[in-house]
Amino acid sequence: MEQKISLGRSNLRVPRLGVGAMTWGDAKGLSRLQPAKTAYGGAEGFEEEKRAVEVSLAAGANLFDTAAMYSGGASERRTGELARGKDVLIASKFPAGFSFKAEDFPKELEASLARLGCDSIDLYQHHFPSKGVLIPKLMEQLADAVEAGKIKAVGVSNYSADQMREAHAALAKRGIPLASNQVEYSLLHRRPEVDSVLDACRELGITLIAYSPLAGGRLTGKYSAQNRPGGLFRRILPQFNRKALDTIQPVIKLLREIGDRYSKTPSQVAIRWLIENPIVLPIPGAKNGKQALDNAGALTFSLTADEVESLSQATLAWRV
């Protein structure tokens, strides 16, 4: 089991691997049509979600990431239910909808706390920047929540390098670090390396939390032009068409070759490539215990510098 690290320069100690709970919970009404559900389908019921928690905790992966927006709040409710009484860190995100202003923050926080069934959230993240939300004003609200003991660490999500700097500077005036920025990052989505987000994280001492570390399942090795994924949302995306799936096969072949040296799967190697960067924390989703067990296997081996470089070179086309 790998040692825990500080999340950015905060006091929050986290594992090198988290768990994405985007599909968890029993979505009702129109929430069943949200992308999380239509792309991947719901998790396989309470018992499998519970098993995913148990397997992850046994491996030391005790950080679970959810959001107010996921499944109309059902993901927060289920995450809180499964975390109760356990050594679990909860990362959540706000707001619950798109019509949000900074002054709405207190009620968003209280609603998240109620759904999670707790008095304090370990990491609370602004889910996405918006022209209608002034970052300094919002960071003041988050700083107030830290000082009130309602959240332990402040994070953002989908922020650009400039937006990160703005948030970091606003929080610094209150003596509070910006702990993390959650963005898409994988071997098949390396944009954080070229849009200055990764560099800014390194410079400012901020952890990059990598969502979609398996590129929506493309790095699992399960899919090809002959075996495309199910789910309406994924099937209409260009990266899942037959030509795109053919294009990634050399990457899958390399992942298998490296994995065979360690008796690991392509997924585990792809996740491990991210973990080898000390400022990156991947949060692959786990719909069931089997997926959680496979994800956790990324914590049980290391890649050599040459293997990391060979994967980096093989996926240069995805740096744009």
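How many of the seven residues of strand 8 (residues 178-184) are buried? Six of them are, so strand 8 is largely enclosed by the rest of the structure. Here, buried means under 20% relative accessible area, with exposed over 50% and partly exposed in between, for a 1.4 Å probe and protein chains only.

## Basis of the report

The model is predicted: local features need pLDDT of at least 70, side-chain atom pairs count only at pLDDT 80 or more, and totals for chains, interfaces and linings use all residues. Residues are numbered from 1 along each chain as its sequence is written, and side-chain values use heavy atoms, with hydrogens and water left out.

## The sheet

Eight strands make up an open sheet with parallel pairing, in the order 3-4-5-6-7-8-9-10. Strands (E, at least two residues) and helices (H or I, at least four residues) are DSSP runs, numbered from the N terminus; two strands pair if DSSP finds at least two bridges between them. Strand 3 (18-20) and strand 10 (280-282) stand at the edges with a single partner strand each, so one side of each has no neighbour in the sheet. From one strand to the next, the twist averages 25°. Such angles run from 0 to 180 degrees between N-to-C directions, and the axes are lines fitted to C-alpha atoms, for helices over the stretch in contact.

Two pairs illustrate the arrangement. Strand 4 (residues 63-65) is joined to strand 5 (residues 89-94) in the parallel sense by three bridges, and Asp65 stands opposite Ala91 of strand 5. Strand 7 and strand 8 also run parallel, joined by four bridges; Val156 stands opposite Asn181 in strand 8.

Contact means heavy atoms within 4.5 Å. Helix 4 (residues 105-116) lies across strand 5, strand 6 (121-126) and strand 7 (151-157), at about 135° to strand 6.

## Cavity and pocket

A search of the whole structure finds one cavity of 30 Å³ or more. The largest cavity holds about 40 Å³ of space. Its lining includes Leu17, Val19, Pro284 and Asn295. Helix 12 (289-296) and strand 3 each give two or more residues to this lining, and helix 12 provides the largest share, three residues.

The second largest pocket has a volume of about 160 Å³. Among its lining residues are Gly80, Arg84, Ile90, Cys118 and Asp122. Helix 3 and strand 6 each supply at least two residues of that lining.

On a 1 Å grid over the protein atoms alone, a cavity is a set of points where a 1.4 Å probe fits but cannot get out; a pocket is an open set with protein on both sides within 12 Å along at least five of seven lines; lining residues have an atom within 4 Å of a point. Grid points are joined across faces, edges and corners, and a volume is the space filled by probe spheres set on the points.
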